[in-house]
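Me: I would like to go through a structure with you. Could we begin with the overall layout and then turn to the helices?

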Amino acid sequence: MPQRRFHKFLLTSLDLLRQTVQEIAMRILRLRNVMEKTGLARSTIYKYIDAGTFPKPIDLGGRSVGWVDSEIDGWIADKIQERDAIS
């Protein structure tokens with residue numbers, strides 16, 4: 001019996017972890033937040049997008065766009081890896 005409860009606990013915990021990861025991955029950032037997170041200016045962000053070196057925004061409707069938070073995190077992680085590979 002204790003094994004069944006532990007198994008159920010593990011499954012419940014895994015479900016909660018999956019849900020949390022999905023919520024984090026699906027967060028949308030507006031331009032202001034992307035600028036704050038990356039330290040880049042608006043013009044630099046769009047220059048990098050045009051060059052294909054920065055995540056493209058998604059259309060939110062009307063004239064609104066946003067970026068997937070996990071994609072911005074990935075871009076930052078890539079920059080850190082580039083830095084560390086040089087040294």
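Predicted model: local features only at pLDDT ≥ 70, side-chain atom pairs only at ≥ 80, totals over all residues.

Me: How many helices and strands does the chain have?
Reply: The chain has 4 helices and 3 strands. Along the sequence they follow the pattern α-β-α-α-β-β-α.

Me: And how much of the chain is buried?
Reply: Of the 87 residues in the chain, 18% are buried. As for contacts with a separation of 6 or more, 43% of them involve residues 24 or more positions apart.

Me: Let us take H2. Which of its residues are buried?
Reply: Leu31, Val34 and Thr38 are buried in H2. These residues lie on the same side of H2, because they cover an arc of only 60 degrees around the axis.

Me: Which residues are exposed on the other side of H2?
Reply: Arg32 and Glu36 are exposed there.

Me: What covers the buried residues of H2?
Reply: The cover includes strand S1 (28-29), H3, S3 and H4.

Me: Now H3. Which residues are buried there?
Reply: Helix H3 spans residues 42-51, and Thr44, Ile45 and Ile49 are buried in it. Viewed down the axis of H3, the buried residues fall within an arc of 140 degrees, so they line one face of the helix. The face turned away from that buried side carries Ser43, Lys47, Asp50 and Ala51, which are exposed.

Me: At what angle do H2 and H3 pack?
Reply: The angle is about 90 degrees, and the axes of H2 and H3 are 10 Å apart. Angles of 65 to 115 degrees count as roughly perpendicular, and H2 and H3 are therefore roughly perpendicular to each other.

Me: Which residues make that contact?
Reply: H2 contributes Leu31, Val34, Met35 and Thr38, while H3 contributes Arg42, Ile45 and Tyr46. The residues of this contact of H2 with H3 divide into 5 nonpolar, 1 polar and 1 charged.

Me: How do the axes of H2 and H4 cross?
Reply: The axes of H2 and helix H4 (residues 69-86) come within 11 Å and cross at roughly 25 degrees. Because angles under 35 degrees count as roughly parallel, H2 is roughly parallel to H4. The crossing of H2 past H4 is right-handed.

Me: Which residues are involved there?
Reply: From H2 the contact uses Val34, Lys37 and Thr38, and from H4 it uses Asp69, Ile72, Asp73, Trp75 and Ile76. The residues of the contact of H2 with H4 divide into 4 nonpolar, 1 polar and 3 charged.

Me: Trp75 has my attention. Where does Trp75 lie, and is Trp75 buried or exposed?
Reply: Trp75 lies in helix H4. The cut-off for buried is under 20% relative accessible area, so Trp75, at 11% relative accessibility, counts as buried.

Me: What does Trp75 touch?
Reply: Leaving aside residues up to four places away in sequence, Trp75 touches Thr38, Leu40, Tyr48, Thr53, Phe54 and Pro55. Pro55 and Trp75 are 20 residues apart in sequence, and their C-alpha atoms are 7.4 Å apart in space.

Definitions and conventions: Residues numbered from 1 in each chain as written. Heavy atoms only, no water. Buried < 20%, exposed > 50% of the residue type's maximum accessible area, 1.4 Å probe, protein only. Helix = DSSP H or I, 4+ residues; strand = E, 2+ residues; numbered from the N terminus. Arc of directions from axis to C-beta. Axes fitted to C-alpha atoms, helices over the stretch in contact; angles between N-to-C directions. Parallel < 35°, antiparallel > 145°, perpendicular 65-115°, else oblique. Left-handed = near helix turned anticlockwise from the far one by under 90°. Contact = heavy atoms within 4.5 Å. Nonpolar A, V, L, I, M, F, W, Y, C, P; charged D, E, K, R; others polar.
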